[in-house]
Amino acid sequence: MGSSKIMSFSFLACTLFLMSGTSLAQLTPDFYDLTCPKVIEVVGSVVKAAVLREKRMGASLLRLHFHDCFVNGCDGSILLDDTPSFRGEKTANPNVNSARGFEVIDDIKSHVERLCPGVVSCADILAIAALESVLALGGPYWRVNLGRRDSISASFDAANGNAIPPPTSSLDNLVRTFQAVGLTADDMVALAGAHTIGQARCTSFRPHVYNDTNVDPLFASLRRTNCPIPNGLGDNNLAPLDARTSNHFDNSYYNNLLINQGLLHSDMQLHSGGFTDRLVEEYGRDPIKFNVDFSAAMIKMGDISPLMGNDGEIRRNCRVPN
Ligand code: HEM
């Protein structure tokens with residue numbers, strides 16, 4: 001086909017597409033420019049205050065967005081409370097005794113509802129809170145996409161299934177779970193850099209510091225002092241995911257991996273002789289590249305299967321459907 005034929009064909013396809021009344025809706029950073037122009041500012045101020053009270057909260061809010069997006073898309077489903085007739089995602093394995101920050105989301109939502117009632121979704125609040133958390137801890141900025149709507153339900157089974165990789169994951173499994181939501185292995189390596197902030201419970205890192213061989217021996221013995229065996233003892237004791245700078249968003253997570261000081265089995269999988277070693281080493285050398293790639297991957301993660309248009313709703317209270 002000649003180039004002019006290709007052009008008139010695509011023009012025709014475009015016209016037919018528009019005439020059919022369908023549009024390929026997309027999230028966009030300016031979604032609330034007319035309806036709630038101050039939303040990012042307001043979310044940012046509540047997040048900053050929360051992080052000032054407790055640095056770890058920045059990590060917890062970032063993780064909420066991740067766990068929301070990986071289970072049936074970024075639709076605020078993780079925020080729904082269980083009821084006697086409904087079991088949502090909060091008590092699923094990856095979240096129970098671990099996901100936190102729900103009160104801060106409530107606080108943000110009530111500020112935002114006062115400002116522009118019924119306009120901003122809880123799913124978007126999670127996306128903005130993730131950005132503002134990273135910024136509050138010294139990390140990079142990205143233009144956060146907006147326009148998600150909230151689910152009217154949540155799935156305990158989906159959250160308990162394979163959607164969120166466990167800390168015992170192999171490299172293959174990590175790659176597969178990210179590919180399942182349209183993210184590449186490179187995206188996965190960049191996003192795992194989120195473990196530059198926050199804490200993990202002993203139950204998440206116990207098998208790694210007792211059984212794995214690719215652990216720095218001094219690091220392992222230090223972590224064992226706070227994480228006894230057998231299982232059940234001290235399960236909820238905490239250790240920093242990045243022992244060097246756990247309240248600062250930087251690239252030291254990758255440099256920890258280079259010296260076998262990743263806290264989780266899954267962390268060390270990224271630098272264990274596999275094809276992701278090269279990128280881990282690059283991020284360890286080049287904090288700017290890490291920031292750029294992390295930001296791009298956060299935008300991709302935030303784009304996972306959003307509800308848009310007339311789908312879902314704008315919840316008035318993030319914990320219950322309207
Ligand atoms: C690559 C696969 C991943 C695995 C296997 C994984 C696993 C875990 C585990 C087991 C914990 C500790 C939970 C606990 O013991 O309570 C944790 C914490 C955390 N994860 Fe991940 N994670 C992964 C990717 C991500 C991604 C993509 C993000 C965000 C973009 C993220 C952000 C965090 C943060 C910030 C924390 C600390 C939360 C806090 O202190 O409250 N993780 N992760």
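User: How far from a nitrogen atom of the ligand does a polar side-chain atom of His 195 lie?

Analyst: This is a predicted model, in which local features need pLDDT of at least 70 and side-chain atom pairs count only at pLDDT 80 or more, whereas totals for chains, interfaces and linings use all residues. Residues are numbered from 1 along each chain as its sequence is written, and side-chain values use heavy atoms, with hydrogens and water left out. A polar contact here is a pair of N or O atoms within 3.5 Å, and within protein one must be able to donate a hydrogen and the other to accept it, while residues adjacent in sequence count only if both atoms are side-chain atoms. The polar side-chain atom of His 195 and the ligand nitrogen are separated by 2.9 Å.

User: How many residues surround the ligand?

Analyst: A residue is taken as near a molecule or strand if one of its heavy atoms lies within 4 Å of it. The closest residues around the ligand are Ser 60, Ser 98, His 195, Arg 201 and Ser 204. The number of residues that surround the ligand is 24.

User: Which elements give two or more residues to the shell around the ligand?

Analyst: A polar side-chain atom of Ser 204 lies 2.6 Å from an oxygen atom of the ligand, and a backbone N or O atom of Gln 199 lies 2.9 Å from a ligand oxygen. Helices (H or I, at least four residues) and strands (E, at least two) are DSSP runs numbered from the N terminus, and the elements that each give two or more residues to the shell are α3, α7 and β1.

User: Which pocket does the ligand take up?

Analyst: On a 1 Å grid over the protein atoms alone, a pocket is an open set of points with protein on both sides within 12 Å along at least five of seven lines. A molecule sits in such a pocket if more than half of its atoms lie within 2 Å of its grid points. The space taken by the ligand is the largest pocket.

User: Which residue does UniProt list as "active site", and in which helix is that residue placed?

Analyst: UniProt positions are given in the numbering used here, feature names are shortened, and annotations may be inferred rather than shown by experiment. With that caution, the unreviewed UniProt entry gives "active site" for His 67, and the helix that holds His 67, residues 56-70, is α3.

User: Is His 67 buried or exposed?

Analyst: Contact means heavy atoms within 4.5 Å, and, leaving aside neighbours within four places in sequence, His 67 is in contact with Ile 78, Pro 94, Asn 95 and Ile 164. Buried means under 20% relative accessible area, exposed over 50% and partly exposed in between, with a 1.4 Å probe and protein chains only. Because its relative accessible area is 3%, His 67 counts as buried.

User: Where does UniProt place the feature "binding site", and what is the largest C-alpha distance among those residues?

Analyst: The unreviewed UniProt entry places "binding site" at Thr 196, Asp 242, Thr 245 and Asp 250. Although these residues are spread over 55 residues of sequence, they cluster in space, with a largest C-alpha distance of 9.7 Å.

User: With which side chain does the side chain of Thr 196 make a polar contact?

Analyst: Thr 196 is found in the loop between α8 and β1, and its relative accessible area of 0% makes it buried. Beyond four places in sequence, the residues that Thr 196 touches include Thr 245, Ser 246, His 248 and Asp 250. At 3.4 Å, the polar contact partner of the Thr 196 side chain is the side chain of Asp 242.

User: What is the length of the polar contact that joins the side chains of Asp 242 and Thr 245?

Analyst: Asp 242 is placed in the loop between β2 and α11, and at 0% relative accessibility Asp 242 counts as buried. Not counting residues up to four places away in sequence, Asp 242 touches several residues, among them His 195, Thr 196 and Asp 250. The polar contact between the side chains of Asp 242 and Thr 245 is 3.0 Å.

User: Which backbone oxygen does the side chain of Thr 177 reach?

Analyst: Thr 177 lies in helix α7 and is buried, with a relative accessible area of 7%. Not counting residues up to four places away in sequence, Thr 177 touches Phe 70, Asn 162, Ala 163 and Pro 165. At 3.0 Å, the side chain of Thr 177 reaches the backbone oxygen of Leu 174.

Definitions and conventions:
1 Å grid on protein atoms, 1.4 Å probe; cavity = no way out; pocket = protein on both sides within 12 Å on 5 of 7 lines; lining within 4 Å.
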